[in-house]
Amino acid sequence: MKGFVQEFKEFISRGSVVDLAVGVIIGGAFTAIVNSLVNDIIMPVVGLIIGGIDFSELKYVITPATATTPEAAICYGAFIQNVVNFLLVAFVIFLLVKGINKFHRKQEVEEPVEEPEPEENVLLLREIRDLLKKKD
């Protein structure tokens with residue numbers, strides 16, 4: 001049991017696990033922001049452009065509500081909003097990954113590549129070559 005606890009402790013203390021946890025928490029907060037952006041800003045404008053339609057209220061009623069049973073409906077407006085949410089989140093993540101990759105590529109280019117010092121025999125051969133060129 002002690003080995004299992006030690007292994008679990010090592011797993012939790014790894015940097016990648018902590019980074020993943022932070023990413024999940026920030027992703028949850030970011031999702032709330034994107035949901036607000038879509039529901040409160042984008043979809044009302046889209047609805048206004050196509051005739052004042054509120055997408056959250058779009059649905060296909062299968063059976064209307066009665067005094068004893070609730071309405072059964074397919075809420076395709078909510079589905080459309082969720083698709084827009086997904087596309088926006090995917091687009092923003094794409095831009096972030098693209099920016100990070102560009103930053104990493106820029107760092108790789110900026111690091112100068114040092115040429116190794118030539119060996120002594122190569123230096124001697126170059127010197128001999130240069131002396132022979134001067135003689136001619």
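The protein chain has a radius of gyration of 32 Å, whereas a compact globule of 136 residues would have one near 14 Å; the radius is taken over C-alpha atoms, and the globule rule is 2.2 Å times the number of residues to the power 0.38. The C-alpha trace spans about 110 × 60 × 20 Å along its principal axes. The model is a predicted one, in which local features need pLDDT of at least 70 and side-chain atom pairs count only at pLDDT 80 or more, while totals for chains, interfaces and linings use all residues. Residues are numbered from 1 along each chain as its sequence is written, and side-chain values use heavy atoms, with hydrogens and water left out.

Four helices and two strands are found in the protein chain, and along the sequence they follow the pattern α-α-β-β-α-α. Of the 136 residues, 7% count as buried; buried means under 20% relative accessible area, exposed over 50%, and partly exposed in between, with a 1.4 Å probe and protein chains only. The accessible surface of the protein chain comes to about 11,900 Å², and 67% of that surface belongs to carbon and sulfur atoms. Accessible areas come from the Shrake-Rupley method with a 1.4 Å probe, and for residues only the protein chains shown count as cover. Among the contacts with a separation of 6 or more, 37% are accounted for by residues 24 or more positions apart, a contact being heavy atoms within 4.5 Å.

The largest nonpolar core consists of five residues, V34, V38, M43, F55 and V89. Helix α2 (residues 15-49) supplies the largest share of this core, three residues. A nonpolar core is here a set of buried Ala, Val, Leu, Ile, Met, Phe, Trp, Tyr and Cys residues joined through side-chain atoms within 4.5 Å. Between I42 and N85, which are 43 residues apart in sequence, the C-alpha to C-alpha distance is 10.0 Å.

On the surface, Y60, I62, I74, Y76, F79, V83, F86 and L87 form a nonpolar patch with about 860 Å² of accessible area together. Patches are made of residues with over 30% relative accessible area and no salt bridge, like charges being joined within 9 Å and nonpolar side chains (Val, Leu, Ile, Met, Phe, Trp, Tyr) within 5 Å. Strand β1 (60-63) and helix α3 (76-110) each contribute at least two residues to the nonpolar patch, and the largest share, five residues, comes from α3. F86 is placed in helix α3 and counts as exposed because its relative accessibility is 57%.

Side chains of opposite charge can pair when their charged atoms come close. Two salt bridges are found in a search of the whole structure, each being a side-chain nitrogen of Lys or Arg within 4 Å of a carboxyl oxygen of Asp or Glu. One of them joins K59 to E71, with the closest N and O atoms 2.8 Å apart. Because K59 lies in the loop between α2 and β1 and E71 in the loop between β1 and β2 (72-74), this pair ties together parts that are twelve residues apart in sequence. K59 is partly exposed at 36% relative accessibility, and E71 is partly exposed at 36%. In the other salt bridge the side chains of D130 and R129 meet at 3.4 Å, N to O. D130 is partly exposed, with a relative accessible area of 36%, and R129 counts as partly exposed at 42%.

Two further pairs of residues illustrate separations across the model. A21 is located in helix α2 and is partly exposed at 39% relative accessibility. Its C-alpha atom is separated by 63 Å from that of D130, 109 residues apart along the chain. E115 lies in the loop between α3 and α4 (120-135) and is exposed, with a relative accessible area of 72%. E115 and E57 are 58 residues apart in sequence, and their C-alpha atoms are 67 Å apart in space.
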